[in-house]
Amino acid sequence: MSRGLLLPVLLLQGVAMALTKPQISLQKLKQPRSSVAVGRGGALASAPAPAEEAPGLRGLLVRHRTPLLFGALVTQKVLADTLTDMTRRAGAYSGSTVSMLSEVAKFPVLAVAIVVFGGGAKRLKPTVVRAFRDTPLKIAWIAGAYAAQNVLYFAALGRISAASYQVLSQSKMIFTAILAVTMLGQRLGPRKLVALASLLAGSLLVQLSEMGGAFGEAGADALLGGGLTVLGALLSAVPNVWYEKILKTEGEDEWARNIQVTCWIFLWIAASQLGSAASAFRAGVPGAVAPWASPYAFGSSMIGSMEGITPAVWAVVALKSLNGILIPATLKYAGNLVYLYAKPTSIVATALAAAAWSGAPPPLAFSAGAALVIYSMLQWAKKD
């Protein structure tokens, strides 16, 4: 291995060892510490230091992993949405191509996530085998909805600001609630109903603020961006209900299902790209090449146009692919509550970043709408 690759690999290994170290129970923490322990045959041996007291980077990561994961999740969301908004406004590029590249990047990220959080390297091959054998068609339509939502993400940003996108995208809570009631027979208590009403009112205020040119765009373009965001929220809410139901079924392997979803999203976007390339060739578009002309033409048609893919767009690809490891790491080592609070925190952070960039505070309508949406998210997380 070259020296250039040695340091990143060692750093990744250190992070994995730190994160996968079991937490010490409260009972053990309350026990008196001892500098010696009895080894085999009654011999005295030095007791291993707790992970929290380990020196160097490993101990630091273990002691502060909850705030580190929370900060990483919020930072990743803010950077991905803000950078996507900036690159969409700066120049034209294919959202489908970036979606395709993001799915390709998720495969190695998923492999690392399985090794670190899914049982170690020995679980990698069995998980991949199960993904291809365990009813792979079952997840196809769910992945199709996710693929469409991924493409709409790039279509919406650039028409509305990253801050408004984050607020409006929470409308998926409304669609999820409707589906939970109509399809799963669940009942919504008073707290949930108040949360949904607050979410609806807040979303309307944010959309009105965006149409008024709160962050640079106004009028029909902002209305279209808001509509695409809400449509994307619907397309993610519908499969979310079914996907959650599948994962809660006894005997399901979430990592195998995640591989299936990623593969199917890749295939759906690839089919769309190939269809668009074939249509352009048949229509006689200048420069269009038939996808079946050669293996190179097939591959380039499947990926799509690389025009406008700048280093900043590549950064978007990398940031989007990190979802495959940050979300499971946060849920496993920091808990669901930390993951839930990361969403409203990212809304606030994105609004503050937009205000700092523009040099003006967010409009009152946007601030009031964002506050209502954040309130609704916190209420929704509580039990009735």
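## Two helices passing each other

Helix α4 passes helix α14 in a left-handed crossing, where left-handed means that the near helix is turned anticlockwise from the far one by less than a right angle, and right-handed that it is turned clockwise. The axes of α4 (residues 65-90) and α14 (residues 311-321) come within 9 Å and cross at roughly 150°; such axes are lines fitted to C-alpha atoms, for helices over the stretch in contact, and the angles run from 0 to 180 degrees between N-to-C directions.

On the side of α4, the contact is made by Gln 76, Leu 79, Ala 80, Leu 83, Thr 84 and Thr 87, and on the side of α14 by Ala 312, Val 313, Ala 315, Val 316, Leu 319 and Lys 320, contact meaning heavy atoms within 4.5 Å. These residues divide into eight nonpolar, three polar and one charged, where Ala, Val, Leu, Ile, Met, Phe, Trp, Tyr, Cys and Pro count as nonpolar, Asp, Glu, Lys and Arg as charged, and the others, Gly among them, as polar.

## The model as a whole

This is a predicted model, in which local features need pLDDT of at least 70 and side-chain atom pairs count only at pLDDT 80 or more, while totals for chains, interfaces and linings use all residues. Residues are numbered from 1 along each chain as its sequence is written, and side-chain values use heavy atoms, with hydrogens and water left out.

The secondary structure comes to 17 helices and two strands, which are DSSP runs numbered from the N terminus (H or I and at least four residues for helices, E and at least two for strands). Of the 384 residues in the protein, 40% are buried, where buried means under 20% relative accessible area, exposed over 50%, and partly exposed in between, with a 1.4 Å probe and protein chains only. Among the contacts with a separation of 6 or more, 80% are accounted for by residues 24 or more positions apart.

## Where α6 meets α12

The axes of α6 and α12 come within 8 Å and cross at roughly 60°. That angle makes α6 oblique to α12, since angles under 35 degrees count as roughly parallel, over 145 as roughly antiparallel, 65 to 115 as roughly perpendicular and the rest as oblique. The crossing of α6 past α12 is right-handed, and the contact is made by Thr 127, Val 128, Arg 130, Ala 131 and Phe 132 of α6 together with Trp 255, Ala 256, Ile 259, Gln 260 and Cys 263 of α12. By class, this contact of α6 with α12 has seven nonpolar, two polar and one charged residues.

Thr 127, which has its place in helix α6, is buried, with a relative accessible area of 3%. Leaving aside neighbours within four places in sequence, Thr 127 is in contact with Ile 114, Asp 253, Trp 255, Ala 256 and Ile 259.

## A network of charged side chains

A search of the whole structure finds six salt bridges, a salt bridge being a side-chain nitrogen of Lys or Arg within 4 Å of a carboxyl oxygen of Asp or Glu. One of them joins the side chains of Arg 130 and Asp 134 (3.4 Å, N to O); Arg 130 is partly exposed at 32% relative accessible area, and Asp 134 is partly exposed at 22%.

Asp 134 also forms a salt bridge with Arg 257, with the closest N and O atoms 3.8 Å apart. This pair links distant parts of the chain, 123 residues apart, with Asp 134 in the loop between α6 (124-133) and α7 (140-156) and Arg 257 in helix α12 (residues 254-282). Arg 257 counts as buried, at 1% relative accessibility, and the side chain of Arg 257 meets that of Glu 252 in a salt bridge (2.8 Å, N to O). Through shared partners, the salt bridges join Arg 130, Asp 134, Glu 252 and Arg 257 into one network.
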